Amino acid sequence: MTKYSWKTADIEDITEMLTLSKLNFEHELKDIFNINFVVSARNLNLAIVNQYFNSASELLVVLRKDHKLIAWTWVKRGHRMPWSDEEMSFVNMVCIDQSLPNRIKIEILVDMMSLWETWSKSVRVYILCSTTMRDHQTAFLKLHQRHGYIIRGCSAYKRLSAEQTGLPIP
């Protein structure tokens, strides 16, 4: 997406990030989780500080149009499955303003996937996992599949190629 530019999230973005999350997800998650936006604000604060001091620890970025936050995403590294020592990057959050036209939402999600992959390769983590808890997840997962992800249940996995980074392969 060339019309907008992503930027690293900072403390001033947190209120808008939480507002957008609440509008988009609270109704779908309240039957499962006790949602606490103070806890969410704390976790975002910690992620922003972690990212500031160690950009290889996590990726937390926001997208604005006309000074309004329209999307944000958060990826952390370090997750491992019980059967493997291979590290994964795990997408903690995908949040896109649901009032946007579908075409724009798809462009933003494709942009996000590119950001996740670029960041993961740059920190030498070659497995990426994106999941969804939404009621209506078919389009989200199909878009991942079209971009090379393998779908397992409500999770999309992608093995990234170390060769494409230009970095030495460990």
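Select Gly-148 to begin: this glycine comes after helix H4, and its phi is positive, near 90 degrees. The model you have open is predicted, so local features need pLDDT of at least 70 and side-chain atom pairs count only at pLDDT 80 or more, while totals for chains, interfaces and linings use all residues. Residues are numbered from 1 along each chain as its sequence is written, and side-chain values use heavy atoms, with hydrogens and water left out.

Next, select H4 itself, residues 138–146; helices (H or I, at least four residues) and strands (E, at least two) are DSSP runs, numbered from the N terminus. Within H4, Phe-140, Leu-141, Leu-143 and His-144 are buried, where buried means under 20% relative accessible area and exposed over 50%, with a 1.4 Å probe and protein chains only. Looking down the axis of H4, you will find these buried residues within an arc of 155 degrees, so they line one face of the helix; the arc is that of the directions from the helix axis to the C-beta atoms. On the face turned away from the buried side, select the exposed Thr-138, Ala-139 and Arg-146.

Now show what covers the buried residues of H4, including helix H3 (102–122) and strand E4 (88–96).

From there, move to the largest nonpolar core, of 29 residues, in which Val-94, Ile-96, Ile-108, Leu-109, Met-112 and Trp-116 touch the most other members. Such a core is a set of buried Ala, Val, Leu, Ile, Met, Phe, Trp, Tyr and Cys residues joined through side-chain atoms within 4.5 Å. Its largest share, seven residues, comes from H3.

Conventions
Contact = heavy atoms within 4.5 Å.
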